[in-house]
Amino acid sequence: MSVRELSFLLTDVKRLLRREYLKSDLPITPMQARALVYVSRFEGLRQKALSDILEIQPITTARLIDQLSDEGLVERRPDPTDRRAHCLYLTDQAQALLDDIGVVVEDVNRKAVAGLSADEIDQLLHLLKVMHSNLSQD
């Protein structure tokens, strides 16, 4: 395999991971799950910050949060330092779904690395982190 094929392979792996996720019976989309996980990691973050993390437009984030809010999973609260902004918080109902998301992600990841040794998995993670770091630098 040449370096030229790397992006295609990574994109295809991402597509296949998403396909496996969609086989689950989770009641939310992969993007909704990503948003929920990030809100859980950075509870109290502003919607704009979530847009930046997810690399989507603020209007798309607003719709996404509307959906999660309608499902009773996320709530918006006024930002105490900026009355124009809203911060995002999980509801109690979200925790059970986050646990389910964790199980699905673990199952999909386990399937993806089947046949790899623990050392190979560690090496794969290390190399992906290096690539991530390389591409994150501006």
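**Figure 1. Lining of the largest pocket in the predicted model.** In this predicted model, 38 residues line the largest pocket. Those lying nearest its centre are Lys14, Leu17, Arg34, Tyr38 and Asn109. The space within the largest pocket amounts to about 2200 Å³. By class, its lining comprises 25 nonpolar, 6 polar and 7 charged residues.

**Figure 2. Helices that supply the lining of the largest pocket.** At least two lining residues come from each of helix H1 (6-22), helix H2 (30-41), helix H3 (47-54), helix H5 (92-112) and helix H6 (118-136). The most is given by H1, which provides 10 residues of the lining.

**Figure 3. Contact of H1 with H5.** The axes of these two helices, H1 and H5, come within 10 Å and cross at roughly 135°. H1 is therefore oblique to H5. The crossing of H1 and H5 is right-handed. On the H1 side, the contact is formed by Leu17, Glu20 and Tyr21, which meet Val104, Val108, Lys111 and Ala112 of H5. The residues of this contact comprise 5 nonpolar and 2 charged, with no polar residue. Leu17, shown here in contact with H5, is also one of the residues that lie nearest the centre of the largest pocket.

**Figure 4. Contact of H2 with H4.** Helix H4 spans residues 58-70, and its axis comes within 10 Å of that of H2, with a crossing angle of roughly 85°. H2 is therefore roughly perpendicular to H4. From H2, the residues Met31, Gln32, Ala35 and Leu36 take part, and from H4, Leu64, Gln67 and Leu68. Sorted by class, the contact of H2 with H4 holds 5 nonpolar and 2 polar residues and no charged residue.

**Figure 5. Contact of H2 with H5.** The axes of H2 and H5 come within 11 Å, and the angle at which they cross is roughly 115°. This crossing of H2 and H5 is left-handed. Ala33, Leu36, Val37 and Ser40 of H2 meet Ala94, Leu97, Leu98 and Ile101 of H5. In this contact of H2 with H5 there are 7 nonpolar residues and 1 polar residue, and no charged residue. Leu36 of H2 takes part here in the contact with H5 and is also among the H2 residues that contact H4.

**Figure 6. Overall arrangement of the secondary structure.** The protein contains 6 helices and 2 strands. Along the sequence, these elements follow the pattern α-α-α-α-β-β-α-α. Taken along the principal axes, the C-alpha atoms fill a box of roughly 55 × 40 × 25 Å. Within this arrangement, H5 meets H1 through residues including Val104 and Val108, and H5 meets H2 through residues including Leu97 and Ile101.

Note on methods:
Residues numbered from 1 in each chain as written. Predicted model: local features only at pLDDT ≥ 70, side-chain atom pairs only at ≥ 80, totals over all residues. Heavy atoms only, no water. 1 Å grid on protein atoms, 1.4 Å probe; cavity = no way out; pocket = protein on both sides within 12 Å on 5 of 7 lines; lining within 4 Å. Points joined across faces, edges and corners; volume = space filled by probe spheres on them. Helix = DSSP H or I, 4+ residues; strand = E, 2+ residues; numbered from the N terminus. Nonpolar A, V, L, I, M, F, W, Y, C, P; charged D, E, K, R; others polar. Axes fitted to C-alpha atoms, helices over the stretch in contact; angles between N-to-C directions. Parallel < 35°, antiparallel > 145°, perpendicular 65-115°, else oblique. Left-handed = near helix turned anticlockwise from the far one by under 90°. Contact = heavy atoms within 4.5 Å.
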